[in-house]
Amino acid sequence: MSSGIQLDDDGLARCAWAGSDAEYRRYHDEEWGVPLHGDRALFEKLSLEGFQAGLSWITILRKRPRFREAFAGFEPETVAAFGDADIERLMADAGIVRNRAKIEATIGNATLVAALADGELDTLIWSFAPTPSGAPRAASYGDLPASTAESTALSRELRRRGFRFVGPTTMYALMQSAGLVDDHVEGCWRAA
């Protein structure tokens, strides 16, 4: 058995990063690497990946329900209308990550998304999905890149358009979580 997977008590072999936390395992099994479409859904993912920068994903995952409440379901038009009082409300909300730069970036990014045509964010992000190479799957999560040419290009394009907290590593994490790439390691039940 690969060191990149773990055999869990339910009999399934999973990517080892899923650990023993029930929510993390559910996320691994049901969300990570599953193709995600829709401007609102991708704006949420883009925002949460930005909040994750410098933190562990499980922290964001546990706070995601509160993030969704605090950021009006990540409806871009609603978030774009947030003002100074909303920023202060969010800075006082212990249920989310209280980082002013990330909060302001999320509101600014929402303004940019709201100005796009319907479906344009989805089309833009997915235009950077790499062509499957046919190469063997990685044996462990440590064998996966932190960024790729595609995530760097996506980051560059989003930055050119004014988006913030969209670095190449953050964009590769988005590509993994939104299913633009399938990085489930060899031996994982999801690596079908």
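I began with the largest cavity, which is lined by Leu-46, Ser-47, Gly-50, Phe-51, Lys-102, Ala-105, Thr-106, Asn-109, Arg-164 and Phe-165. A cavity here is a set of points, on a 1 Å grid over the protein atoms alone, where a 1.4 Å probe fits but cannot get out; lining residues have an atom within 4 Å of a point.

Before going on, I noted that this is a predicted model, where local features need pLDDT of at least 70 and side-chain atom pairs count only at pLDDT 80 or more, while totals for chains, interfaces and linings use all residues. Residues are numbered from 1 along each chain as its sequence is written, and side-chain values use heavy atoms, with hydrogens and water left out.

I found a volume of about 50 Å³ for the largest cavity (the space filled by probe spheres set on the points, which are joined across faces, edges and corners). H2 and helix H6 (100–114) each give at least two residues to that cavity's lining; helices are DSSP runs of H or I, at least four residues, numbered from the N terminus.

Next came the pockets (open sets with protein on both sides within 12 Å along at least five of seven lines). The largest pocket holds about 460 Å³ of space. Its lining has 19 residues, and closest to the centre are Pro-132, Ser-133, Val-181, Asp-182 and Asp-183.

Which helix gives the most to the lining of the second largest pocket? I found that H9 does, with 6 residues. That pocket has a volume of about 370 Å³, and Trp-57 and Tyr-141 are among the residues nearest its centre.
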